[in-house]
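My notes are below the view.

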Amino acid sequence: MSQTPSLPIVIVGGGAGGLELACKLGRRLGPQRVTLVDRQLFHVWKPSLHEVAAGTLDIHQEGLSYEMLAHDNGFAFCYGALTGLDTAQRRLTVAAVPDGHGDELIPERSLAYGELVLALGSTANHFNVPGAAEHTVALNQPADAERFRLRLLRLLTMAERRKIDGGEGRVQVVIIGGGATGVELAAELREAGQVLTRYGFQHLDARHDLRLTLLEGADRILAPLPEKVSASATALLRERGVEVVTQCRVARIGPSAVEDSAGRVFPADVVVWAAGIQAPPLLAALGLPVARGGQVEVDGTLAVKGVPHLHALGDNAACAQADGRPVPPRAQAAHQQASYLAGRLLRLARGQAPRARPFVYRDHGSLVSLGTRSSVGNLMGNLFGANWFVQGLLARLMYTSLHLMHHQAVLGTLRTAVLAFARFLVKRATPLVKLH
């Protein structure tokens, strides 16, 4: 059961779970024993990507450098994408990294590992809907959110010019998927639109010229959450001028419209796909055992079935709970799995047999952001067999605390407090939305 001291624990994927695991292990074992591999140079908490897309959060201020985090938390960082895996030899291949001119900046590398953890997150699942891959934007990475933000700014600028010339100035955004991502993006865009009309778009009416339509296939949005949460979110969105259409199954998507199975057509200048996720196809291409959604199949200890020295956590892991239901793809699940694996891998690194207890997911409830002043959700989940409904400013403060808790896990308490205070001051000295 022991691990060769010269072979490090390698974690592929620096999302919420992977980064927290690297920090926990790095502080105890050091950079010679722990390596984090990621294709990005900086980390942005994925649940905040809807804010990046709306321009209310600047990734150039929010992003945390992996090199900085590695130095401060005692792990090594390897920049590049995973492209190959030899489980028999316990080696993985990291792709070459080009510079901005197409030249090779960092060559392809091969890394040996003692234990390997896959934390690659998820990507959009288009469910083979015609036109979805070609004509929609999915908020998988910070670059996707930034691309959407710039596209929306261009559309608003063109609409402003049309309004000045006496024409139609409408911009129509269709969001497909009434889960947390879709609902949060709709609310954030409505709030950002109201601010933008005060910063250079004086001829546009935020409520009528920026048309937001949210399409959901189920009979209510936020279907996995209690009905009271769903009803409250629906009422708040409609109150703010967001058109919420339920029982709407998208049939095809074109460059300027979305059509559902009933023949209804929703004009669209830009379409966001938030209707489902799947694990990266790379996992199946590597020959690993995968479930129906493409996630790596793991046992109760988060070890990949049939593959020694390999583990998986977060969205790319198919992990069953005691009742047979899968652990949901949530940030809180990745956080809990990172804590569990940290203890297990520390014992392996010290030559000790890991404890036999399996991973147990505890649902602490869900919170959904509805702008900077309000959120809705249920607390405690099934932890004590009860759901507590919360909304308004209290729920918003709790939602913000989740982001701060993640920062505390990777930056420490003092630096998180200083950073939060600094951002509070910056918010009062800069525009409320990013304009460039």
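These entries go through the sheets, then the helix pair, then the cavities.

**Ground rules.** I am working with a predicted model, in which local features need pLDDT of at least 70, side-chain atom pairs count only at pLDDT 80 or more, and totals for chains, interfaces and linings use all residues. Residues are numbered from 1 along each chain as its sequence is written, and side-chain values use heavy atoms, with hydrogens and water left out.

**Entry 1: the parallel sheet.** I looked up strand order. Helices (H or I, at least four residues) and strands (E, at least two) are DSSP runs, numbered from the N terminus. Two strands pair if DSSP finds at least two bridges between them. Five strands run β5-β2-β1-β11-β22 in an open sheet with parallel pairing. From one strand to the next, the twist averages 20°. I then checked β11 (residues 115–118) against β22: they pair in the parallel sense over three bridges. V117 sits opposite H311 of β22.

Which helices pack on this sheet? Contact here means heavy atoms within 4.5 Å. Helix α4 touches β2 (34–38) and β5, and its direction makes about 160° with that of β5. Helix α11 (residues 331–349) touches β1 (9–12), β11 and β22, and its direction makes about 165° with that of β11. Axes are lines fitted to C-alpha atoms, for helices over the stretch in contact, and angles run from 0 to 180 degrees between N-to-C directions.

**Entry 2: α1 against α4.** I followed α4 (residues 66–73) to α1 (residues 16–29): they pack at about 30°, with axes 8 Å apart. The two helices are therefore roughly parallel to each other (angles under 35 degrees count as such). From α1, the contact uses L19, C23, G26 and R27; from α4, it uses Y66, L69 and N73. I sorted these by class: four nonpolar, two polar and one charged. Ala, Val, Leu, Ile, Met, Phe, Trp, Tyr, Cys and Pro count as nonpolar, Asp, Glu, Lys and Arg as charged, and the others, Gly among them, as polar.

**Entry 3: the antiparallel sheet.** This open sheet has three strands, ordered β6-β7-β10, with antiparallel pairing. β6 (82–86) and β10 (109–112) are at the edges with a single partner strand each, so one side of each has no neighbour in the sheet. The twist averages 25° from one strand to the next. β6 pairs with β7 (residues 91–94) over four bridges. L85 has L92 of β7 as its bridge partner.

**Entry 4: cavities.** How many cavities of 30 Å³ or more are there? I count two. A cavity is a set of points on a 1 Å grid over the protein atoms alone where a 1.4 Å probe fits but cannot get out; lining residues have an atom within 4 Å of a point.

Methods: Angles under 35 degrees count as roughly parallel, over 145 as roughly antiparallel, 65 to 115 as roughly perpendicular and the rest as oblique. On a 1 Å grid over the protein atoms alone, a cavity is a set of points where a 1.4 Å probe fits but cannot get out, and a pocket is an open set with protein on both sides within 12 Å along at least five of seven lines; lining residues have an atom within 4 Å of a point. Grid points are joined across faces, edges and corners, and a volume is the space filled by probe spheres set on the points.
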